[in-house]
Amino acid sequence: MIYLQRNNDGDGSCGSFTLGEGILGFVFVLKLNENAWLNCKGSDFYIPLPRTVVPDKLSVSPLVSENASESNQASSIYTDGIISEIRSLVTDISSEKTRQTKNKKVRESILQEIEKLAAEAYSIFRSSIPTVPKIDLAEDEVLEPPVKVCSGTGSGNEIVCQGFNWESHKSGNWYIELQEKASKLSELGFTVIWLPPPTDSVSPEGYMPSDLYNLNSRYGSIDQLKVLVKKLHEVGIMVLGDAVLNHRCAQFQNQNGVWNIFGGRLNWDDRAIVADDPHFQGRGNKSSGDNFHAAPNIDHSQEFVRKDIREWMNWLREEIGYDGWRLDFVRGFWGGYVKDYMESTEPYFAVGEYWDSLSYTYGEMDHNQDAHRQRIVDWINATNGTAGAFDVTTKGILHSTLERCEYWRLSDGEGKPPGVMGWWPSRAVTFIENHDTGSTQGHWRFPSGKEMQGYAYILTHPGTPSVFYDHIFSDYQNEISALISVRKRNTINCRSRVTIIKAERDVYAAIVDEKLIMKIGPGHYEPTTGAENWSVAVEGRDYKVWELTRK
């Protein structure tokens with residue numbers, strides 16, 4: 001056993017040693033205290049060494065190209081965030097409070113996340129070091145497959161555009177209209193676009209799907225969709241398909257006149273419907289989530305259903321070219337089924353809509369929303385982290401913050417962001433509005449006139465920000481574009497570190513990754529001058545962002 005020595009600055013540990021012949025990999029463990037070591041699944045953490053990269057002595061040539069150096073620097077910035085997240089998780093699981101309040105299942109889920117993050121960091125590390133010339137292997141030698149990481153978070157630097165609103169279907173040519181805007185969206189800095197549901201649907205908006213293989217919808221034809229996706233890829237934008245997996249509208253009635261017999265290529269019968277759906281006489285098993293009462297709820301516990309859905313989603317990936325998914329109404333079925341679909345389709349990016357009510361007392365939103373964000377985190381964990389989730393908690397807290405001028409709400413009891421981004425930032429997709437909450441539906445509209453404060457918050461903080469179509473093509477466009485530029489220029493990503501400086505009645509201020517400071521609210525805040533020099537990068541009504549500049 002080899003012990004690593006703590007660095008002189010107290011941050012991390014290191015060590016150097018010679019590898020002998022026959023070394024197949026590393027096993028590493030984490031020490032919690034003098035008497036306890038962190039153990040995962042009985043085998044700790046194992047990282048295999050491919051045989052092609054095991055020389056007699058481990059050494060790295062100093063002859064590295066300038067491009068490789070830049071790549072290594074970028075990888076280092078991102079892996080620093082991953083290491084920070086591992087450190088936070090280790091601190092959490094080793095605390096006395098955690099051991100007393102969290103059950104074994106929850107602690108195991110934290111261990112799994114640590115293991116996944118370690119594999120992700122190792123994968124990035126392996127891709128950033130010089131390659132070793134290929135060594136011919138004997139016929140009986142078989143290489144171990146590389147570590148495969150399916151994080152659901154893309155590169156961590158994504159900025160999402162929701163590419164439609166509740167009325168978009170009415171033009172009948174939405175795909176064509178979006179194609180004409182593709183270059184503009186790329187210029188504004190968006191890297192991912194979420195498109196509307198593509199399938200034939202009872203409702204024109206697409207959220208009551210019927211024949212899943214019929215992709216001629218109110219938004220346009222299948223051929224127009226393919227052309228749009230091709231154009232988006234050409235301008236460097238990844239594409240998310242909106243997959244409605246919870247429910248499906250039947251095409252035929254049974255002998256009792258109930259609509260529960262499906263048509264088209266997936267001609268399921270009532271066994272595909274959950275037994276406790278009160279309206280559609282399903283013969284499947286009981287639902288694993290909440291029922292959606294407007295259409296038959298699909299029973300994902302049925303193997304034939306899951307097989308057909310996997311095949312359909314993979315067909316969409318290949319036929320249309322989707323890079324990932326926005327998953328509708330994921331409260332309706334267990335996240336473990338989502339894990340199955342994500343592992344099968346291997347999306348670049350995936351996000352689920354887990355939307356339920358926040359906590360209120362006598363009509364006033366509670367400051368502590370831990371129970372709400374815990375439900376979202378539990379769902380993400382059920383997917384094994386293969387998909388993120390919209391940070392509904394953060395949206396709700398921003399509502400009360402801005403409506404009541406109570407900016408202290410933006411700091412939780414531990415001085416961290418109070419939404420999902422404060423607990424699991426790499427899986428939090430932040431937003432202030434979408435086709436349901438805003439547009440012509442207006443189910444939960446963001447405080448009017450304060451939208452840019454919301455965007456100043458989510459576009460400078462960790463998590464993956466999503467911007468609503470109606471706000472992009474509005475008077476807010478230039479301000480949103482400026483905030484996106486600041487985010488990119490300072491490489492703010494889904495795992496960036498936030499230190500809250502102020503969270504008072506009328507002002508909130510925070511420093512992000514030690515290179516960006518932001519404030520929102522009518523109250524006063526200016527960064528202090530000293531060894532560091534801060535210059536205004538962008539400002540607007542009740543918000544301001546500074547960048548670090550060297551003296």
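In what follows, a residue is called buried under 20% relative accessible area, exposed over 50%, and partly exposed in between, with a 1.4 Å probe and protein chains only. The structure is a predicted model, in which local features need pLDDT of at least 70 and side-chain atom pairs count only at pLDDT 80 or more, while totals for chains, interfaces and linings use all residues. Residues are numbered from 1 along each chain as its sequence is written, and side-chain values use heavy atoms, with hydrogens and water left out.

Helices (H or I, at least four residues) and strands (E, at least two) are DSSP runs numbered from the N terminus, and two strands pair if DSSP finds at least two bridges between them. Eight strands form a closed barrel with parallel pairing, in the order β7-β8-β9-β12-β13-β16-β17-β18. From one strand to the next, the twist averages 30°; such angles run from 0 to 180 degrees between N-to-C directions, and axes are lines fitted to C-alpha atoms, for helices over the stretch in contact.

Strand β9 (residues 238-243) runs parallel to β12 and is joined to it by 4 bridges. Within this pairing, D242 stands opposite R326, and A243 has L327 as its bridge partner. Strand β13 likewise runs parallel to β12, with 4 bridges between them, and here G324 stands opposite F349.

The loop between β13 (349-352) and β14 (360-361) holds E353. This residue has a relative accessible area of 10% and is therefore buried. Contact means heavy atoms within 4.5 Å; leaving aside neighbours within four places in sequence, E353 is in contact with R326, L327, D328, F329, V330, R331, F390 and D436. The C-alpha atoms of E353 and V392 are 8.7 Å apart, although 39 residues separate the two in sequence.

Two further loops may be considered together. D412 lies between α9 (392-404) and β17 (428-430), and its relative accessibility of 13% makes it buried. Not counting residues up to four places away in sequence, D412 touches H367, R373, P417 and P418. N384 is found in the loop between α8 (370-382) and β16 (388-390). Most residues other than glycine have a negative phi. N384 is not a glycine, yet its phi is positive, about 65°. With a relative accessible area of 26%, N384 is partly exposed.

The helices α6 (residues 303-319) and α7 (residues 335-345) have axes that come within 9 Å and cross at roughly 40°. The two helices are therefore oblique to each other, given that angles under 35 degrees count as roughly parallel, over 145 as roughly antiparallel, 65 to 115 as roughly perpendicular and the rest as oblique. The crossing of α6 and α7 is right-handed, a term for the near helix being turned clockwise from the far one by less than a right angle, anticlockwise being left-handed. On the α6 side the contact is made by R306, I309, R310, M313, N314 and R317, and on the α7 side by Y337, D340, Y341, M342, S344 and T345.

T491, which follows α12, has a positive phi near 50°.

A second sheet is open and antiparallel, with 5 strands in the order β19-β20-β21-β23-β22. At its edges stand β19 (498-503) and β22 (533-540), each with a single partner strand, so one side of each has no neighbour in the sheet. Neighbouring strands of this sheet are turned by 20° against each other on average, direction ignored. Strands β21 (residues 516-520) and β23 (residues 543-549) pair in the antiparallel sense over 5 bridges, with W546 of β23 as the bridge partner of I517. Helix α10 (residues 451-458) lies across β20 (508-512), β21 and β23, and runs at about 155° to β21. The loop between β22 and β23 contains D542, a non-glycine residue with a positive phi of about 65°. D542 is partly exposed, at 28% relative accessible area.
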